[in-house]
Amino acid sequence: MSAYNKQIGGRHYLKHKIQASKFVIENKLLYPEGSVIKYILRHQYKGGKQDLLKAQHFIEMIIERDYG
């Protein structure tokens with residue numbers, strides 16, 4: 001079984017056609033961009049508003065890094 005077809009501790013990432021981690025790796029994204037994707041994808045199933053705030057925080061980091 002591929003590591004992308006299993007999840008340790010929950011099933012929230014398996015609800016999508018492609019795992020967030022696989023998307024991030026295959027598109028060679030940096031950690032902050034990958035974290036935004038991760039938190040956006042899982043907010044409905046796991047962390048709710050807190051996950052959206054985490055995604056927002058990472059977006060603020062990206063803006064500061066690239067445009068600040």
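**View 1. Valine 36 sits in helix H2.** This is a predicted model, where local features need pLDDT of at least 70 and side-chain atom pairs count only at pLDDT 80 or more, while totals for chains, interfaces and linings use all residues. Residues are numbered from 1 along each chain as its sequence is written, and side-chain values use heavy atoms, with hydrogens and water left out. Helices, by the way, are DSSP runs of H or I with at least four residues, strands are E runs of at least two, and both are numbered from the N terminus. Is valine 36 buried or exposed? With a relative accessible area of 14%, valine 36 is buried (buried is under 20% relative accessible area, exposed over 50%, partly exposed in between, using a 1.4 Å probe and protein chains only). Skip its neighbours within four places in sequence, and valine 36 is in contact with Ala55, Phe58, Ile59 and Ile62; contact here means heavy atoms within 4.5 Å. Valine 24 lies 12 residues from valine 36 in sequence, and their C-alpha atoms are 10 Å apart in space.

**View 2. Five residues form the largest nonpolar core.** Which residues make up this core? They are Val36, Tyr39, Ala55, Phe58 and Ile62. Helix H2 (31–42) and helix H3 (49–67) each supply at least two of the core residues, and H3 gives the most, with 3. A nonpolar core is a set of buried Ala, Val, Leu, Ile, Met, Phe, Trp, Tyr and Cys residues joined through side-chain atoms within 4.5 Å. In soluble globular proteins, nonpolar side chains tend to be buried together. Zoom in on tyrosine 39 and you'll find that it touches Asp51, Lys54, Ala55 and Phe58, not counting residues up to four places away in sequence.

View 3. The buried residues of H3 are Asp51, Ala55, Phe58 and Ile62.

**View 4. Lysine 28 is in the loop between H1 and H2.** Its phi is near 50°, a positive value in a residue other than glycine. At 72% relative accessibility, lysine 28 counts as exposed.

**View 5. The protein chain has 3 helices and 0 strands.** Read along the sequence, the pattern is α-α-α. The C-alpha trace spans about 45 × 25 × 15 Å along its principal axes. Of the 68 residues in the chain, 24% are buried. How confident is the predictor, and what is the mean pLDDT? The mean for the chain is 89, with 91% of residues reaching 70 or more; pLDDT is the predictor's confidence in each residue, from 0 to 100. Confidence is lowest in helix H1 (residues 20–26), at a mean of 92, and highest in H3, at 98.
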